[in-house]
Amino acid sequence: MTQLPTSTEKKLGLVIDLDTCVGCHACVVSCKGWNTENYGAPLSDQDAYGSAPVGTFLNRVHSYEIQPDQGPAQLIHFPKSCLHCEDAPCVTVCPTGASYKRVEDGIVLVNESDCIGCGLCAWACPYGARELDQAEGVMKKCTLCVDRIYNENLPEEDRQPACVRTCPAGARHFGDFSDPDSNVSKLTAERGGMDLMPDQGTKPVNKYLPPRPKDTWEDIDILAPLLEPVAENAGGLLGWLDKTLEKL
Amino acid sequence: MPKDQPIVDTSPKVSDEVRKTTCYMCACRCGINVHMKDGKVAYIEGNKDHPVNQGVLCAKGSAGIMQVNAPSRLKAPLKRVGPRGSGEFEKITWEEALTIATDWLAPLRKTNPEKLAFFTGRDQSQSFTSFWAQGFGTPNYAAHGGFCSVNMAAAGIYTMGGAFWEFGQPDWDRTKMFMLFGVAEDHDSNPIKIGLGKLKARGAKVYGVNPIRSGYNAIADEWIGITPGTDGLFILSLVHELMKAGKIDLDYLARLTNAPVMVNGDEKSPEFGLFLRDKNGKPQVIDRKTGKLAAFDKKGVQPDLGGTIRKAGITYRTVFQLMADKYLDPQYAPEAVADKVGIPARRIQHIASELARVAFDEAIEIDQPWTDFRGETHDKMIGRPVAFHAMRGISAHANGFQTCRALHVLQIILGSVEVPGGFRFKPPYPKPPEAHPKPHCGAKPDCALDGPHLGFVHGPDDLLLKEDGSPARIDKAFTWENPMSAHGLMHMVISNAHAGDPYKIDTLFMYMANMSWNSSMNTGGVHQMLTDTDENGDYVIPRIIYSDAYSSEMVAYADLILPDTTYLERHDCISLLDRPICEADGVADAIRWPVIEPDRDVRGFQSTLCDLGARLGLPGFVNDDGSQKYADYADYITNHQRRPGVGPLAGWRMNEDGPTGGGRGDVNPDQIDKYIENGGFWIEHVPDEAQFYKPWNQAYQDWAVSKGLFDSPQPYIFSLYVEPMRKFQLAAEGHGDRQPPDHLRERIGKTMDPLPIWYSNEDDNKADEFPITALTQRPMAMYHSWGTQNAWLRQIHGQNPLFVPTKIWEENGFAEGDWARVTSPHGEITVPVAHMAALNENTVWTWNAIGKRKGAWALDENAPEATKGFLLNHLIHELLPPKGDGLRWSNSDPITGQAAWFDLKVRIAKADPPSESLPALPPIKSPVGQGPKNLTWKVGK
């Protein structure tokens, strides 16, 4: 069993805006590219050109349809990666100490050299955010790009997770939730940022901004004056035109 | 830090070097940073300085590394040794390949250049490939626009001198209401997502008009799940409501459009419906100050929208009056159209009122004086902050041209084009149709063609007909069947060549177009046409040369393969002469350059054409002494001049003092190096006073001339009424010397209305028997057939079920895992189904081009793309169902020839699950073998 820190100096994490995510998978592949080349073992792909291709991804986009009581069905694109929980069950369940939560920023990592690939952490994670790499036999998960966000070999503006840097719609935001004035704290406050499955008691750091209400048009006459006819036919319109132009 | 917490290297070296070039994972052309380690590609990310993507990058772009290492890459030139379609080839040398090609092509050029049909698919070098084809002398050249979005492009140019995507963009920073009609999500990919992100960040409203609520429509605040093919009727109903309520920008219409131009109203006149013009040919308006006729562009004129005048016994009325006559008609009232478009009348009214409210009550003013083309100075720029975007969804119908025109008319009556908050052109657009070339077909043995192949016609005299009236081009572009086919009809080439209609050809030469698979209608029929033999046992289409970088389905059907490089191994230019990457506030172009060298015996196709062009002695490709003029494409990019001072790239051209910032100038031998130093692109910003009102703004016009975009100022007014269309109608009514065949008169009269109309295509597609519309969409993470060979992307989209709406799902008693037989007037497929509720209730759809032929793309024959994937193409014929008149009616827009992919009507029934999707075609032999089993891809140590 592995201990969680009693507190962390920062709470780094993501805000994911479900009102803006178009489900394009840019974050998924950018993550795959960075983390194949960087932290730990490459993210491998089995049967890559075959009948059942399956590879390791640290971030995936799921799509769900919802049917509101009123109005048409909606499609929600839901990107999901490790939420870097404050009470991370994947850490406490780890038999070797390979899974740990960093004291300085709260990032949950796997120390691959200590990982025995037992899979207990993936079983403990209620979000399905960990994947056992089939080639290396170690557990892989989102590192919040710990090798980018402090990386002095990158320009300062690029020191953010690959998924955030690449998101074309700007639906992903990175920052420190322990700072109430950070971009992520403010967005969470303004837009009603939510925990994923709060009943699990994991206290996830990442937050999701809910979709804004959709299809809210109502069959009422509030806008009717805007379409008050000036004419019913072409002749009438020309009469109106004359009067209007005289006034100009 | 606790002492037992591992030490993580948080500053690892990212790469040895970053090489900046242009993406080609789709047509969007974003800037990319290619991180190199040990000379290999380690990581690809977006270039923050680049005007197109501003640092972001889509899934395809980030997966480029898997495209560059794809096992499907062709490795060497190939000569077919088995029968066509078998995939049996032998490797040959480049010298052998180019000798074969020269031996085939040289005699054609000497005797009859039209025997070569050269079509280049998703080519991004059309100004170069068309130059080559022009030098060869064949009239038979085009790229893929005819089966993509020519309706959008041509309608935009004829109406307002530019269209969406490469021609212009919404004013993302200022618009307050955005309406998006059906799009292929790579047109254009990242800029639309960036723009939607900006709208969402400030809470501006997004309206999605699309039968399918996926992707961009999933985040639309208001979703309008329209009946496919009725967008034009919906838009004209909005026009009806706005005109009826007087919610139109009268000042804009009077000054900047042809709404006040006088039109001949005498039905007996041979000029009925044409403009009243002065002796200089200028359209006439009535000046409200004098009540007299004046040229539309006369200094100080105040054009009258409502004037009437009688001259030489003929009554002339304004275009505006004709619009009032047409669009105030009750047939366009919301109540009258609601059932057809599938949108309640109240909702149409609601949308019209929102457009009116935002355009007029929330108008923007920018304190920026500007001077118009009549010399009048305005102290402000007034913005109507409603913006629109559309692409293939409204375009790929047989009523698509008029629908796209209707959308532009809606934008224009709201005064929302080229104003703050509305739609903005990107240089070198706006550019009126008259400033484009006309199409040319003058082919003679041993000669170059007499001008550019493609262009814009302005009446029957510009059609490409032979002396006997038959089509001059193999695709029948610019004929009475589709007079305004500005991009050609690539989808008709194989069918017409096989039928010998209008004539037989010898060699079909194609580049980057998967015409034996997802890029053709009637895929099975195309296989037969490509392999069919005559009474002597010779192929009916005698020779096929194909260039591709990958082992696509088309490879197997060619006789000679000229292997291309991947996009990171080549030179390219994204040229202002071609399909540029400009922004509304900047003129820009870009390059690709070999950030890695090929590890195979392949060559960039354009470099191959430089060599082949020299072997054939084509004008423009040889020096005076007959030697090869351009060693390769990079040499051409640097040294070719299309006009004095204007070449493929505008950046860093030379003047007396050395390299300029950009624009006109002499050849700079170091130009490509300058681009590489600058991150692969060049951009120069439009001056502040020239940012808006570009078609009419003197400052913009002068700036455009200084940059070499035009040779002289080209101000013009928008064409709500497209007079050239009326000229085709007049011919159909019997006027003039050049007359259409009788069987087309009625259709020309009906469809070529100079004001936008809507007509149904349902009868032509037998909607009474086949009541469901079947559509395709391209996923954001996959670019047509290219993506499937990509080990990462195929894990995202490895299968494509047919998505079925709730009503049809329940009617058929479908359950997850079921299969359905889908039948159209042309064919039948049996495919997996999946339920989708957020879908128009009479529409089914699937992802485009996920289905693959066994043996192609270096995939296992049991790949899900081949066993469960499928194409709707089997259900779509290039011809309409027979009408009983014995004629071949093309399944295309009768105005432009655009392939009417989205008019497909089907019926659906539950089927016993077959072992794999039907039709199941036999495998083709892979010329590249199969990919490796597993990947653990890491370049660095």
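# Reading a two-chain predicted model

Modeller: Let's start with A:His84, which is buried, with 29 other C-beta atoms within 10 Å. This is a predicted model, where local features need pLDDT of at least 70 and side-chain atom pairs count only at pLDDT 80 or more, while totals for chains, interfaces and linings use all residues. Residues are numbered from 1 along each chain as its sequence is written, and chains are lettered from A, with ligands numbered from 1, in the order in which they are written.

Biologist: How do I read "buried" or "exposed", and which is A:Met197?

Modeller: Count other C-beta atoms, placed from the backbone, within 10 Å of the residue's own: 20 or more is buried, 12 or fewer exposed, and in between partly exposed. A:Met197 has 12 such neighbours inside 10 Å, so it counts as exposed. Across chain A, buried residues make up 47% of the 248 residues.

Biologist: What is the phi of A:His84, and where does the residue lie?

Modeller: Phi is near 50° there, a positive value in a residue other than glycine. A:His84 sits in the loop between β5 (74-81) and α2 (89-92) of chain A. Those labels are DSSP runs numbered from the N terminus: helices are H or I, at least four residues, and strands are E, at least two. A:Met197 isn't a glycine either, yet its phi is positive, about 45°. You'll find A:Met197 in the loop between α6 (183-191) and β11 (207-209) of chain A.

Biologist: How many helices and strands does chain A have?

Modeller: It has 7 helices and 11 strands. The radius of gyration is 25 Å, well over the 18 Å of the globule rule for 248 residues, so chain A is more spread out than a compact globule. That radius is taken over C-alpha atoms, and the rule is 2.2 Å times the number of residues to the power 0.38. Along the principal axes, the C-alpha atoms of chain A fill a box of roughly 85 × 50 × 45 Å.

Biologist: How many residues of chain B are in contact with chain A?

Modeller: Contact needs C-beta atoms, placed from the backbone, within 7 Å. By that test, 92 residues of chain B touch 76 residues of chain A. On the chain B side, the largest share, 9 residues, comes from α12(B). By class, that side has 47 nonpolar, 25 polar and 20 charged residues. Here nonpolar covers Ala, Val, Leu, Ile, Met, Phe, Trp, Tyr, Cys and Pro, charged covers Asp, Glu, Lys and Arg, and the others, Gly among them, are polar.

Biologist: At what angle do the axes of α8(B) and α11(B) cross?

Modeller: Axes are lines fitted to C-alpha atoms, for helices over the stretch in contact, with angles from 0 to 180 degrees between N-to-C directions. These two come within 10 Å and cross at roughly 165°. α8(B) and α11(B) are therefore roughly antiparallel, given that under 35 degrees is roughly parallel, over 145 roughly antiparallel, 65 to 115 roughly perpendicular and the rest oblique. B:Leu233, B:Phe234, B:Ser237 and B:Glu241 in α8(B) meet B:Pro334, B:Val337, B:Lys340 and B:Val341 in α11(B).

Biologist: Last one: where are the cis peptide bonds you'd point out?

Modeller: One joins B:Asp501 and B:Pro502, with omega about 15°. B:Pro502 is in the loop between α15 (493-499) and β23 (507-511) of chain B. Another runs from B:Leu918 to B:Pro919, with omega near 5°, and B:Pro919 lies in the segment after β36 (905-911) of chain B.

Terms used: Contact = placed C-beta atoms within 7 Å.
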